[in-house]
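Dear colleague,

Please look it over first, and then read the notes below it.

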Amino acid sequence: MKPDKESARGLAQVEGYLLWNAEVEEARRQARRFTEALPWLTTAQREDVERAYVADRIEACRDTLTRIAGRAHELRGEYTARYERLRARCVALSVLAVGTVGGTCTALTLIGR
């Protein structure tokens, strides 16, 4: 792999790691906010509720990211196929146009003789 590709891949991995950690921390903040509204919970109950809340949120995020990644992969395939068809049409039209112009020039040359 080229150094540029390796660097880009490494940066993408670091970015993903940081984004995921930010999501986990946000889930923890929301869990604390949720349990603060329940002042009658004991410390152990509060910790259990927060742990369950965070686990549920992380699972939901993971499911969402998995669906998004799958859809992005599908779209990449669809757009690649469309691009290939469009490129093939453009090449075909270019060849046809060159052939038509070439044929016209040949015909005019023959007529002019």
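The notes below go from the whole chain to a few of its residues.

Please keep in mind that this is a predicted model. The secondary structure of the protein consists of two helices and zero strands, and of its 113 residues 9% count as buried. The protein exposes about 9,400 Å², of which carbon and sulfur atoms supply 62%. Among the contacts with a separation of 6 or more, 41% are between residues 24 or more positions apart.

The largest nonpolar core has five residues, namely Val24, Ala27, Ala31, Val54 and Ile58. Two or more residues of this core come from each of helix H1 (3-36) and helix H2 (43-112), and H1 gives the most, with three residues. Within this group, Val54 is in contact with Ala27 and Ala31, and also with Arg28, once its neighbours within four places in sequence are left aside.

Glu50 is buried yet has no salt bridge. Leaving aside neighbours within four places in sequence, Glu50 is in contact with Ala31, Arg32 and Thr35.

With best regards

Terms used
Residues are numbered from 1 along each chain as its sequence is written. This is a predicted model: local features need pLDDT of at least 70, side-chain atom pairs count only at pLDDT 80 or more; totals for chains, interfaces and linings use all residues. Side-chain values use heavy atoms; hydrogens and water are left out. Helices (H or I, at least four residues) and strands (E, at least two) are DSSP runs, numbered from the N terminus. Buried means under 20% relative accessible area, exposed over 50%, partly exposed in between (1.4 Å probe, protein chains only). Contact means heavy atoms within 4.5 Å. Accessible areas come from the Shrake-Rupley method with a 1.4 Å probe; for residues, only the protein chains shown count as cover. A nonpolar core is a set of buried Ala, Val, Leu, Ile, Met, Phe, Trp, Tyr and Cys residues joined through side-chain atoms within 4.5 Å. Lys and Arg count as positive and Asp and Glu as negative; His and the chain ends are not counted. A salt bridge is a side-chain nitrogen of Lys or Arg within 4 Å of a carboxyl oxygen of Asp or Glu.
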